[in-house]
Amino acid sequence: DVEDSQGMQGPLAVQEYIQELIRSDPSNVKRIVEPPPDVDVNIWQYEHLRQFILELNLLVTQLKGICTTHSCPKMKATEDCLYLCATHKNAQECCAMDYMIHNLDQATSMLQNTKIFGSRVSIPASSVKQLVPIVRRLYRLFSHTFYHHRELFEEFENEMFLCSRFTEYAIRFDMMPAKQFIIPKEALSLS
């Protein structure tokens, strides 16, 4: 069973606790996302986003060879949703795979930027605001996969519950407006 959060100590304690919750029961997304009362909510949000990036890299790895410049020359979800890649000097179109890699790399760089996130044990609210655009952009990786690679999405989601967790997180911490959640709730394990 999962160790009590009160016993957590050290700069990696929250990360380790989140990973322990995931290993214990990845389908219990509400429990995994809900911060324990004795944990700083800013650190909880930050560490969750780090964990999402680790696991999203696994999804992108599985998409290699399936999501190509030929099959997905533009980063789209539905036909109405074309996403420009904001990781460039001027936002531009990228194939879906490049968009995913660029945004995962940029998110990783941002979370490792010691000027914004100087510590893993104390994170100011001003730094937490930097998480919002990251969450919005990373959600697009899920939406593209759902609408263009449904079989892989479902297989991955049935094992990892990653999109369900990510969506629960984004809703719980008010990271995105409701209209931007375009993956149907029926496709996810949300309570």
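Helices (H or I, at least four residues) and strands (E, at least two) are DSSP runs, numbered from the N terminus. This is a predicted model, in which local features need pLDDT of at least 70 and side-chain atom pairs count only at pLDDT 80 or more, while totals for chains, interfaces and linings use all residues. Residues are numbered from 1 along each chain as its sequence is written, and side-chain values use heavy atoms, with hydrogens and water left out.

**The whole chain**

Begin with the protein chain in cartoon view, where there are eight helices and zero strands, so that the pattern read along the sequence is α-α-α-α-α-α-α-α. The C-alpha atoms fill a box of roughly 50 × 35 × 30 Å, taken along the principal axes. The radius of gyration (taken over C-alpha atoms, with the globule rule being 2.2 Å times the number of residues to the power 0.38) is 16 Å, which agrees with the value near 16 Å that a compact globule of 191 residues would have.

Of the 191 residues, 47% are buried, where buried means under 20% relative accessible area, exposed over 50%, and partly exposed in between, with a 1.4 Å probe and protein chains only. Among contacts (heavy atoms within 4.5 Å) between residues at least 6 apart in sequence, 68% join residues at least 24 apart.

Select Cys95, which sits in the loop between helix 3 and helix 4 (96–111). Cys95 counts as buried because its relative accessible area is 8%. Leaving aside neighbours within four places in sequence, Cys95 is in contact with Thr69, Cys72, Pro73, Lys74 and Met75.

Move to Gln15 in helix 1 (residues 13–24). With a relative accessible area of 18%, Gln15 is buried, and its contacts, setting aside neighbours within four places in sequence, are Glu47, Leu54 and Arg120. Then pick Ser127 in helix 5 (residues 125–128), a residue that is buried at a relative accessible area of 5% and that is in contact with Ile116 and Phe117 once neighbours within four places in sequence are left aside.

**Helix 6**

Select residues 131–148. The 18 residues of helix 6 should span 26 Å at 1.5 Å a residue, and the end C-alpha atoms are 26 Å apart, which agrees; the expected span is 1.5 Å times one less than the number of residues. Helix 6 is mostly covered, since 13 of its 18 residues are buried.

Within helix 6, centre the view on Phe142, which is buried with a relative accessible area of 1%. Not counting residues up to four places away in sequence, Phe142 touches Leu56, Leu59, Phe153, Leu162, Cys163, Phe166 and Ile183. The C-alpha atoms of Phe142 and Leu162 are separated by 9.1 Å, although the two residues are 20 apart along the chain.

**Helix 8 and its two ends**

Follow Leu162 into helix 8, where nine of the 11 residues are buried; these are Leu162, Cys163, Ser164, Arg165, Phe166, Thr167, Glu168, Tyr169 and Ala170. To see what covers the buried residues, also display helix 1, helix 2 (29–33), helix 3 (41–63), helix 6 and helix 7, which are included in the cover.

Most residues other than glycine have a negative phi. Phe161, however, has a positive phi of about 60° although it is not a glycine, and its place is in the loop between helix 7 (150–160) and helix 8 (162–172). Phe161 counts as buried at 15% relative accessibility. Just after helix 8, Asp174 takes a positive phi of about 55°, but Asp174 is exposed, with a relative accessible area of 65%.

**Last stop: charges**

Finally, colour the charged residues: Lys and Arg count as positive and Asp and Glu as negative, while His and the chain ends are not counted. With each charge placed at NZ of Lys, CZ of Arg, CG of Asp or CD of Glu, the mean positions of the 19 positive and 24 negative charges are 10 Å apart.
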